[in-house]
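I am opening my notebook on a structure that is new to me, and I want to write down what I looked up, entry by entry.

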Amino acid sequence: MAGGQATPKGDESKKKPMTAEEFVTKAPLYVKVPISFYPPREISFDCWHEKCGKETSWVRTDEVVVVGSGSERGARPADYDLKSCSYICIKCQHSVLTIVYRDMQRGKTVVRPRLGTGMSSRPSTPPASVDVVTEVMKVGQYPAPSVVLPKDLERNLGEDAAQFYRRALVCRNNGFGLAAATYIRRVVEDKTNELIELAAEVAESHQLDEATVAAIRKAADSTVYTRFEDKLQYASTVFPDTLLVGSYNPLATLYSLVSKGIHGLSEEECIAIADDTSAVFDYVFAKLRADMTERNKFVERMKRLNQPDKKPEPSPAE
Ligand SMILES: [Zn+2]
């Protein structure tokens, strides 16, 4: 088994295993995924058809087929582990997603019979050991996964960073985790000053005191901090508690992701880092910005509403 010797440190690096639905919709190619897999009956997926253009429900069109079976003269498939299945969008009944995958490893799992109810004293059936797939690898997907960025993100990134971002996605979808992690870090690096300015503006929109806002802005000062990781780290320490997302400091999370060494990590581990980094980055860069714009608009409106009606100057008594 691969990677048996490298035990991840601490619980934070322990990843929840991918679900079967995530395997169908998100798994990159040529990466072994350690899950007990059978394609789910229904999935949610972004439909590209003009009738839909959003996330819709999709249903599996048929049972899984072994690739190469049903060939002329009933020739045996060369590889019984290579399988395929398709899904169709329920809404438009038009878009079809097909994946090809290979069962890489099987193991035993113990199935315990359900406990009977009542007072039956009959001996229960002993637990049975059954064969299950324990590791799968996606080897094909059609159409190719989209690398179109959401409009807001694309616009806010600008041409160069958007290009790096798309390349990160292409690498990720093809299992080149190390390249994906490097590209997405470059995006964070190029956008660090903007991220910090954004955090300062968000603090302003929450009417936080000037000193707090100034402390955040100071992080972007290139004469003090030259490495983008250092800037992010400093910004995260002055990020106000009132702006935490849940109980998380998004800048601190981003800092911990980009400062993690990727030396010696497997492609799978790098893909996980690239995915986490882009998720946090997207949140701060797109979501937080949109929230702030909304908030500012609302505050402006409230200000106007709450302004005391200007009474016309009383004309001097005559
Ligand atoms: Zn559709």
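The entries below cover a metal site, one arginine and several salt bridges.

**Entry 1: the zinc site**

I began by noting that this is a predicted model. Which protein atoms are the donors of the zinc ion? I found the SG atoms of C47, C52, C89 and C92, which lie 2.2 to 2.4 Å from the zinc ion. The angles among the four donor atoms run from 102 to 116°, and the site is tetrahedral. For comparison I wrote down that the ideal angle for four tetrahedral donors is 109.5 degrees.

Along the sequence, the donor residues follow the spacing C-x4-C-x36-C-x2-C. I then looked up their accessibility: C47 is buried with a relative accessible area of 4%, and C89 is buried at 0%.

**Entry 2: R185**

Next I turned to R185, which I located in helix α4 (residues 177–205). R185 is buried yet has no salt bridge, and the nearest side chain of opposite charge, that of E229, is 5.9 Å away. A salt bridge would need the nitrogen and the carboxyl oxygen to be within 4 Å.

What does the side chain of R185 reach at 2.8 Å? I found the backbone oxygen of K260 at that distance, and the backbone oxygen of L257 at 3.2 Å from a polar atom of the R185 side chain. Leaving aside neighbours within four places in sequence, I listed the contacts of R185 as F228, L257, V258, K260, I262 and I273.

**Entry 3: salt bridges**

My search of the whole structure gave 19 salt bridges, and I followed up some of them.

- D79 and R102 meet at 2.8 Å, N to O. This pair links distant parts of the chain, with D79 in the loop between β4 (65–66) and β5 and R102 in strand β6 (residues 96–111), 23 residues apart. D79 is partly exposed at 23% relative accessibility, as is R102 at 25%.
- R155 and D152 have their closest N and O atoms 3.1 Å apart. Both are in helix α2 (residues 151–157), and because they are three residues apart they are separated by about one helical turn. R155 is exposed at 59%, whereas D152 is partly exposed at 40%.
- E229 forms a salt bridge with R227 at 3.5 Å; E229 is buried at 16%, and R227 is partly exposed at 46%.

Finally, I noted that salt bridges with shared partners join D79, D81, K83, R102, D103 and R106 into one network.

Terms used
Residues are numbered from 1 along each chain as its sequence is written. This is a predicted model: local features need pLDDT of at least 70, side-chain atom pairs count only at pLDDT 80 or more; totals for chains, interfaces and linings use all residues. Side-chain values use heavy atoms; hydrogens and water are left out. Donors are N, O and S atoms within 2.8 Å of the metal (3.2 Å for Na, K and Ca); water is not among the atoms, so sites may look incomplete. Four donors count as tetrahedral if all angles lie between 85 and 135 degrees; four count as square planar and six as octahedral if opposite donors are over 155 degrees apart and all others between 65 and 115; anything else is irregular. Buried means under 20% relative accessible area, exposed over 50%, partly exposed in between (1.4 Å probe, protein chains only). Helices (H or I, at least four residues) and strands (E, at least two) are DSSP runs, numbered from the N terminus. Lys and Arg count as positive and Asp and Glu as negative; His and the chain ends are not counted. A polar contact is a pair of N or O atoms within 3.5 Å; within protein, one must be able to donate a hydrogen and the other to accept it, and residues adjacent in sequence count only if both atoms are side-chain atoms. Contact means heavy atoms within 4.5 Å.
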